[in-house]
Amino acid sequence: MKTKLSKTVADLAEPRAKRYNLWDSEISGFGLRVTPAAIKTWVVKYRAGEGGRGVVARWYTIGPFPEISASDARKAAEFALARVRLGEDPGGERITKRAEMTLAEAIDFYEQEGCFVQRGIRQGEPMKPMTKAYTLARLRHHVVRLLGKRRVTEIDEGDITTFVRDVSAGKTARDEWIVDAETGKRKRVIVRGGDGAARKVVRDLSAVYSFLKTHKRKTRVTHNPVEDASVRKTDNKRTRFLSIEEVKRLGGALDEVEAEGANPKAVNIARLWALSGCRRNEIAGLKWSEVDLERGLLIFDDTKTGRSVRPLGAAATALFEALKPDEAEGYVFPAERGDGFYQGTKTVWQAAIKKANLPGVTPHVLRHTLGSAAASAGEALLMVGSLLGCQSACKRDPLSARKRDPLTRWRKVDRTRAFALRAA
């Protein structure tokens, strides 16, 4: 039997042994569901599309009573049924919405099937393992913590702007010990946040959304909110490089920290950063099989930009010869414990730049310094790119480098740098 649903009817509805529904006499499909636990909920029952017995009935939940009054529930039911008559499916949309990925789940999906280079000459290739690890760490430390529970299609440009502001303000910063899920051992996690971290992670998030758009049937993502957000997506253009006088101070500081008992591996890694222009882990993780002292070359089978051959100057070659053991196998700088390579350069580097009064100087600045020195010596862009292992630079000037012998020309740059490092 149907009756006009009202507050009085809802108040008088008593729970039974089984769940039941009270139906409204005026609006077909509008009802009140009552459970044995006396929980009362306003609902709408309808058949989507053209209707008929052959169409599966759907349920649309309006909300609980008495939080939602009878009059408000009646209006919501009329609106929902009007949508059905227009060909919409409000209940199905809600089911689909609930089935959408959260941003945390989307990042897991990106880890499994994404993580490909999206621009440049390596476009479409898988990320290098370290690049992938750093990218996912940034996404999980920042994006998952602030936006991880949100649905991927719910994020808009304003959310991205707020997210970047929060990361810049240090809301995701933490310093704590956790238990590694894979090894079961405790490890320290340090997340600093700040402007630089915000710019990096928002680029990572943009890449995630670009990937989700290519799987729109599964993710329902058709728009990348990062593209139109009012946020800065590029780092400051780095023009910092060391003068000869600053290189001298750095060389003297490295000698001092070594004399004070610093690990010689860390000191020699720093020296080779300056003498070779290689990236940090290209030197720290260097293997003897990649060092060709006869021809004065470093031959990397796999780097950030793929296979790379770097010419070595005389000073770097001499340092490698001094370090080379009788049986040169494995890493040039093996770890103190375990099978990996030495990774304890951070403390020694900070001590060295403090002694040299070079605040804020990073190992990457030494790459800039080498490139600047090579360009000042008249080297072509191809030669500078070859020294630094930067393929994009190598592609810009393919003709002028034919006029020069790379190894011979490099000696001129190297002599100046080596003199500065030996001074003090």
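Reader: Which rings can pair, and how many aromatic pairs does that rule give here?

Author: Rings of Phe, Tyr and Trp, the last by its six-membered ring, pair if their centres lie within 6.5 Å. This is a predicted model. By this rule the count of aromatic pairs is eight.

Reader: How many residues apart are Trp23 and Trp59?

Author: Trp23 belongs to strand E1 and Trp59 to strand E4. The pair thus links distant parts of the chain, and the separation is 36 residues.

Reader: Is Trp59 buried, partly exposed or exposed?

Author: Buried means under 20% relative accessible area and exposed means over 50%. The relative accessible area of Trp59 is 35%, which lies between these limits. The charged end of Arg33 also sits over the ring of Trp59, 4.8 Å from its centre. By its accessible area, Trp59 counts as partly exposed.

Reader: In what order do the strands of the open sheet stand, and which strands are at the edges?

Author: The open sheet has four strands with antiparallel pairing, in the order E1-E2-E3-E4. Two of the strands have a single partner each, so one side of each is left without a neighbour in the sheet. These edge strands are E1 (20–23) and E4 (57–65).

Reader: Which residue of E4 is the bridge partner of Thr41?

Author: Strand E3, residues 40–47, runs antiparallel to E4, and eight bridges join the two. For Thr41, the bridge partner in E4 is Pro64.

Reader: Why is the pair of Trp42 and Phe65 given its class, and what is that class?

Author: Trp42 lies in strand E3 and Phe65 in strand E4, so their pair ties together parts that are 23 residues apart in sequence. Their ring centres are 5.8 Å apart. Because the planes stand at 85°, the pair is edge-to-face.

Reader: Is Trp42 buried or exposed, and which rings form a cluster with it?

Author: The relative accessible area of Trp42 is 0%, so Trp42 is buried. Phe65 is also buried, at 11% relative accessibility. Ring pairs link Trp42 into a cluster with Phe30 and Phe65.

Conventions:
Residues numbered from 1 in each chain as written. Predicted model: local features only at pLDDT ≥ 70, side-chain atom pairs only at ≥ 80, totals over all residues. Heavy atoms only, no water. Pairing = 2+ DSSP bridges. Phe/Tyr/Trp six-rings, centres within 6.5 Å; stacked < 30°, edge-to-face > 60°. Buried < 20%, exposed > 50% of the residue type's maximum accessible area, 1.4 Å probe, protein only. Lys NZ or Arg CZ within 6 Å of the ring centre and 35° of its normal.
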